[in-house]
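Student: Could you help me see how the labels on this model follow from its geometry? I would like each value set against its cut-off.

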Amino acid sequence: MTVAPGALGALDALRSRGESFLQEVSREYYAAHAGLKPEANLQPIYDRHREAFDDESLELALGLFRGSRPGTEEHRSGRMLVEWLLESRVGRALAPLEEREIAWESDAVVHLPGGGAEPYSRVSITIANTRDATERRALDDARAALVKAKLAPMREERLAREKELVERTGIAPDYIATFDALAGISVRALRDECAAFLRTTQAMWDDVLPEFLRRGLGIAPSEATRADALALMRVPEFDAAFPADEMEQRVTGQIVEMGASPDAGGRVRYDTGERDGKRARAFCAPVTIPSEVYLVLRPHGGQNDWRTLLHELGHALHFANMDAALPFEHRWLGDNSITEGFAMLFDHRMQDRGWLARYARLGRADLPRYLRAAGFEELQLLRRYCAKLVYEVELYGGGVSWAALPDLYATTLTGATGFQYQAADAFVDVDPRFYSARYLRAWQLQSVLAEALVARFNEDWWRNPSAGPWIVRELFSGGQRELAEELAQRAGKTPLSFAPLVQSIEGLLT
């Protein structure tokens, strides 16, 4: 398809409006989630920028998407723009609900039956750090009761309305088909891969779960709950090896050794301290790509913070090193499996024997025990996310009533992980638009990228001064123009699959 000059001008205007909108909304999310303000004021932003995602803009992008041949750059851009416009239009309709959620999460307090209270924004951190099983389960039960009464109804309404609004556009026959067409992912095919992964690793999981529960918490699998999982993955026995006061210095020092700038020449700003109202879940906020990117972390303690910093730093350096001349859609939109893959490439250094020996304070005798624990955690997380995708396909597929979803959620997640999940979280433990699929493909992608880096720069690529410039030039600078499988083929000439992950986990557990 040859785009007419008039249409080119209209597309350029659409891109300019879209970037202005995303810059402002990203800054608002950053301020609210970082605890810099008590609530997010999204509706005025959507109102100011309503022309960015109006009917004319959608028709223009749909014309590019439907009128171009698959495989062309026009079709790629059209797909990205339509996906974003649909998301933005849905976001505008649901902005009042999202504002209510953010305000509620900022102000909500979990009250314990026997007295005492905990801010909802910090409760998962407290549960993870509570060593007494009775106390942490009581806290999680109180949290779940509050979620069921207050947050879950808001989330359920938001997810149901999102599904309705997406399907009403008629871009594809249903929600899942729309996601497949615009994201370039077959979510049901990935769901089948996840089911196969769960079957393949079941015996391994049955073998290691009792051992880690007994050693870490002194409990049997029949007693284990999701609250126990949070405490088990915290692994405080290794805290001394990952001191909080050395975390940033050691992690950023590794980036320097790799020949890259840990703040991308001042474009990445670190926000890693404790602050009331800051959400427990770390995030990266690209406010202006590539010139202003925030890395936000609320400390949990120990290895978790180091891994989280590495993860968010992968995101931040990706956004801050994108080529500023790239079109809007290649910098702001596209397959988020790419940026999640870079984040996981960095956080998986916490499973790298050489990296740990150089930057952490693990003794020689502790290193094998830590790596085995890292393999256990990796297997738990992968099984959890595979189960999430299996459940979310049912949530969006329409074959299960909304009333039946809480029980299905608890059954699916409990069956995959061995930890008893709370039905109250069925609509809360869902990142909209199948973001779990992005995470799962990112897991697969990072293994391909790591193998490619080893082949090019040796096993200690993470301290090779030639590796950083190559990563910036060949991986980060291109933004998210490619799909994850395209990048895997370009960088490693290897298809995405769970097989390398299974092999890696087996190596860590032996």
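Tutor: Gladly, and we start with burial: buried means under 20% relative accessible area, exposed means over 50%, and partly exposed lies in between, with a 1.4 Å probe and protein chains only. By that rule Trp-205 and Phe-376 are both buried. Keep in mind that this is a predicted model, where local features need pLDDT of at least 70 and side-chain atom pairs count only at pLDDT 80 or more, while totals for chains, interfaces and linings use all residues. Residues are numbered from 1 along each chain as its sequence is written, and side-chain values use heavy atoms, leaving out hydrogens and water.

Student: Why does Glu-292 count as buried?

Tutor: Its relative accessibility is 13%, which is under the 20% limit, so Glu-292 counts as buried. Glu-292 lies in strand 5 (residues 292-296); strands are DSSP runs of E with at least two residues, helices are runs of H or I with at least four, and both are numbered from the N terminus. Leaving aside residues up to four places away in sequence, Glu-292 touches Arg-27, Arg-267, Arg-269, Ala-285, Pro-286 and Val-287, where contact means heavy atoms within 4.5 Å.

Student: What makes Val-109 partly exposed?

Tutor: Val-109 has a relative accessible area of 33%, which falls between 20% and 50%, so it is partly exposed. Val-109 lies in strand 1 (residues 109-111). Beyond residues up to four places away in sequence, Val-109 touches Ala-117, Glu-118, Pro-119, Tyr-120 and Leu-146.

Student: How do you know that the rings of Trp-205 and Phe-376 are stacked?

Tutor: Rings of Phe, Tyr and Trp (its six-membered ring) pair if their centres lie within 6.5 Å; planes under 30 degrees apart are stacked, over 60 edge-to-face, and the rest tilted. The rule gives 27 aromatic pairs. For Trp-205 and Phe-376 the centres are 5.1 Å apart and the planes are at 15°, so this pair is stacked. Trp-205 sits in helix 9 (residues 202-217) and Phe-376 in helix 16, so the pair ties together parts 171 residues apart in sequence.

Student: And why is the pair of Phe-212 and Phe-376 called stacked?

Tutor: Their ring centres are 4.2 Å apart and their planes are at 10°, so Phe-212 and Phe-376 also meet the stacked rule. This pair links Phe-212 in helix 9 with Phe-376 in helix 16, 164 residues apart. Both Phe-212 and Phe-376 are buried.

Student: What makes helix 3 roughly antiparallel to helix 4?

Tutor: Helix 3 (residues 55-66) and helix 4 (residues 73-107) pack at about 150°, with their axes 7 Å apart. Axes are lines fitted to C-alpha atoms, for helices over the stretch in contact, and angles between N-to-C directions run from 0 to 180 degrees. Under 35 degrees is roughly parallel, over 145 roughly antiparallel, 65 to 115 roughly perpendicular, and the rest oblique. The angle of about 150° is over 145, so helix 3 is roughly antiparallel to helix 4.
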